[in-house]
Amino acid sequence: MEKILISACLLGEKTRYDGGDNLIEGLMDFTKFYDVVPFCPEVEGGLPTPRIPSEIKNGAVVNKEGEDVTRYFEHGARKALNICSFLGIRLAILKDGSPSCGVHEIHNGRFDGKKIPGMGITAAKLQEKGIQVLNEQEGLALLSELLEKQAKKEMKQTKEHGPRRK
Ligand code: SF4
């Protein structure tokens, strides 16, 4: 089965900066079509959980206390890319808005809760290397297409061969 990388927090792992998660239960249905590989670039990059929140500012990642933590984010992004290359992963579903995983938007670097268009460090690295990156909403849309196709296929098979015996 093909493999897919998904932000660990979207699958319920408590990897968020505040020790929480961003669980979207529906995304677990990807296991019907892919081997799911959960991954958190910030944890894998060497940061603790919970941790001081960070945002991207002028190309660097800086935490709320003013420390430049770019190296951890880059390390996590390199690891994500290595895992994708090693496992032949071509698609990643990432949590939008994060300085690592953001696909279409990130926080503006002022810690005021506002977001701007942009990509997180890992999302940008994966995309640059030809891996398709989708945010959680796009992931859900893709999943519903896959489920719909599967349901149609099963219906066709039932028409042709009758219901499957259990
Ligand atoms: Fe989730 Fe990505 Fe943040 Fe880790 S870095 S908690 S996977 S959004």
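Where does serine 100 lie? Serine 100 is in the loop that runs between strand E5 (91-94) and strand E6 (105-107). Strands (E, at least two residues) and helices (H or I, at least four) are DSSP runs, numbered from the N terminus.

This is a predicted model, in which local features need pLDDT of at least 70, side-chain atom pairs count only at pLDDT 80 or more, and totals for chains, interfaces and linings use all residues. Residues are numbered from 1 along each chain as its sequence is written, and side-chain values use heavy atoms, with hydrogens and water left out.

Serine 100 counts as buried because its relative accessibility is 1%. Buried means under 20% relative accessible area, exposed means over 50%, and partly exposed lies in between (1.4 Å probe, protein chains only). Leaving aside residues up to four places away in sequence, serine 100 touches Pro41, Glu42, Phe73, Gly120, Ile121, Thr122 and Ala123. Contact here means heavy atoms within 4.5 Å.

Three of these names, Ile121, Thr122 and Ala123, return in helix H3 (residues 121-128), where they are buried along with Leu126. Just after H3, glycine 130 has a positive phi of about 90°.

Asparagine 22 is in the loop between strand E1 (3-7) and strand E2 (35-39). With a relative accessible area of 15%, asparagine 22 is also buried. Its contacts, again without residues up to four places away in sequence, are Cys9, Leu10, Arg16 and Lys95.

Aspartate 112 belongs to the loop between E6 and strand E7 (115-117). Its relative accessible area is 37%, so aspartate 112 is partly exposed. Aspartate 112 and isoleucine 83 are 29 residues apart in sequence, and their C-alpha atoms are 34 Å apart in space.

The table lists polar contacts of these residues. A polar contact is a pair of N or O atoms within 3.5 Å; within protein, one must be able to donate a hydrogen and the other to accept it, and residues adjacent in sequence count only if both atoms are side-chain atoms.

| Side chain of | Partner | Distance |
|---|---|---|
| Serine 100 | Glutamate 42, side chain | 2.9 Å |
| Asparagine 22 | Arginine 16, side chain | 2.9 Å |
| Aspartate 112 | Asparagine 108, side chain | 3.0 Å |

**Around the ligand**

There are 14 residues around the ligand, and Cys9, Thr15, Cys40, Glu42 and Cys101 come nearest. A residue is near if one of its heavy atoms lies within 4 Å of the molecule.
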